[in-house]
Amino acid sequence: MNREQGTGSREQGAGNREQAAASSSDFELTLRLLARLSAPEGLEERVEASLRAAPRATTSPARILRWPVALENSWVRAAAAAAILAVMLGGGWGVYSLVQPVRPLQPARAVAAPPHLATPGGGFSNAGAMRTPHTLNGPVVAPQSKPEAKPAAHSSGKALHRAQPTAASEDGPAAIPGRYDK
Amino acid sequence: MSAGEAVFSGWMKIADKTVPETARQHAEEDALAALVSQYAATLYRVAYSVLRNSSDAEDAVQEAFLRVLRHRDTLSEVRDQRVWLIRIVWNIVLDRKRRAKTRPETDDVSELARVLPAKGLNAEQRAAAAEQHAHVLACVEQLPAKERQVLMLSAFEELTSVEIAAVAGITESSVRSRLFRARNLMAEMLHHTRSVR
């Protein structure tokens, strides 16, 4: 039963593959027919004619001046260009100097300017104004009095040794009667 | 060395400052004429496979050569002129096709029946074959753009997969994978339409 199903599915698969191959060969045939088409007659002549008719401005690099044959040498060209430039500049200057209107001499007007108030930062000045902020009178703190002098017993080394508190007795030596009486 | 390359190598020797301008122009014209005579038909077929209109395809070929004329100073740097020219015309036709999408689609069946070779077929068989071709091409149009382009380029027997990759601007492995996907999709579409019929 299973073997029959297997053979059946295999046959179906083979059939699908054949169909796919057939269809692929079909469409590839169409594409190949298109790709093998011959070009129309006279195509080359028409293309060449269009190329000949195309503007030839781009055949040589763009130029401002087309030099005559006599000016083939680059030094001669440079000299000619300099001469042309000098003539143009000279002519232009001559025309400019002729066209300039003659103005009568006038005394310069004096303009009264306010005195400049220099600021250290270079910004706007405050024109001498002073800001006085309205603040409340703050609390006055009295000067602290000097701490009182310590008793004289603390100054001697023996007394100091006695006065050191220990972890065992917070109350001091007076709390243990008779300990230091020996 | 092909005829075009031979002419261009000669042209590069001629393109010296000491050579008069007219002689250089003549050399350029000769080189372009050689390119046209050698590759015009190939470019036309590439253009026609996409545009499927003879006058449009011819316009595309002319535009491609005009671009070559504009950029002929860089021709010496081109390694494979055939692939370079096919790439130029390929870009032109894809651009035209993209722009033409806004226009209504024309019926291709009659044009295909007229153009495609059908030797040994009577009128009825020819019409049926043209209809079949039109149906296949309609299915090709439904493919995704990347797969469609590779499939159409693969139909040109003179183009290897490396050259297809150079024309489409992708890697060779991408060409293979796209071609595989395109073939599968086409087989599915054609099988589906047959089962519907």
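A crossing is left-handed if the near helix is turned anticlockwise from the far one by less than a right angle, and right-handed if clockwise. I start with that because handedness comes up in each helix pair below.

**Ground rules.** This is a predicted model, so I kept local features to pLDDT of at least 70 and side-chain atom pairs to pLDDT 80 or more, while totals for chains, interfaces and linings use all residues. Residues count from 1 along each chain as its sequence is written, and chains are lettered from A and ligands numbered from 1 in the order in which they are written.

**Entry: α2 of chain B.** I looked at α2(B), residues 21-51 (helices are DSSP runs of H or I, at least four residues, and strands runs of E, at least two, numbered from the N terminus). Just past the end of α2(B), I noted B:R52 with a positive phi of about 55°.

**Entry: α3 against α4, chain B.** I took α3(B), residues 54-70, with α4(B), residues 81-100: their axes lie 9 Å apart at an angle of about 130° (lines fitted to C-alpha atoms, for helices over the stretch in contact, with angles from 0 to 180 degrees between N-to-C directions). That makes the pair α3(B) and α4(B) oblique (under 35 degrees is roughly parallel, over 145 roughly antiparallel, 65 to 115 roughly perpendicular, the rest oblique). I logged the crossing of α3(B) past α4(B) as right-handed. On the α3(B) side I listed B:D56, B:A60, B:V61, B:E63, B:A64 and B:R67, which meet B:L85, B:I88, B:V89, B:I92, B:V93 and B:R96 of α4(B) (contact: C-beta atoms, placed from the backbone, within 7 Å). By class I got eight nonpolar, no polar and four charged residues for this α3(B)–α4(B) contact (Ala, Val, Leu, Ile, Met, Phe, Trp, Tyr, Cys and Pro are nonpolar; Asp, Glu, Lys and Arg charged; the others, Gly among them, polar).

**Entry: α4 against α8, chain B.** Next I checked α8(B), residues 161-168, whose axis comes within 9 Å of that of α4(B) and crosses at roughly 45°. So α4(B) is oblique to α8(B), and the crossing is right-handed. B:V83, B:I86, B:R87 and B:W90 of α4(B) make the contact with B:E163, B:A166 and B:V167 of α8(B). I sorted this contact of α4(B) with α8(B) into five nonpolar, no polar and two charged residues.

**Entry: across the chains.** How many residues does each chain give to the contact? I have 36 from chain B and 26 from chain A. On the chain B side, α2, α3, α6 (123-142) and α9 (172-196) each supply at least two residues, and α2(B) has the largest share, 13 residues.

I then picked out α2(A), residues 43-53, which packs on α2(B) at about 125° with axes 9 Å apart. The two helices α2(A) and α2(B) are therefore oblique, and their crossing is right-handed. Among the residues meeting there I marked A:V47 and A:L51 of α2(A), and B:V36 and B:A40 of α2(B). The contact of α2(A) with α2(B) has nine nonpolar, one polar and two charged residues.

Key. The expected span of a helix is 1.5 Å times one less than its number of residues. Two residues are in contact if their C-beta atoms, placed from the backbone, lie within 7 Å.
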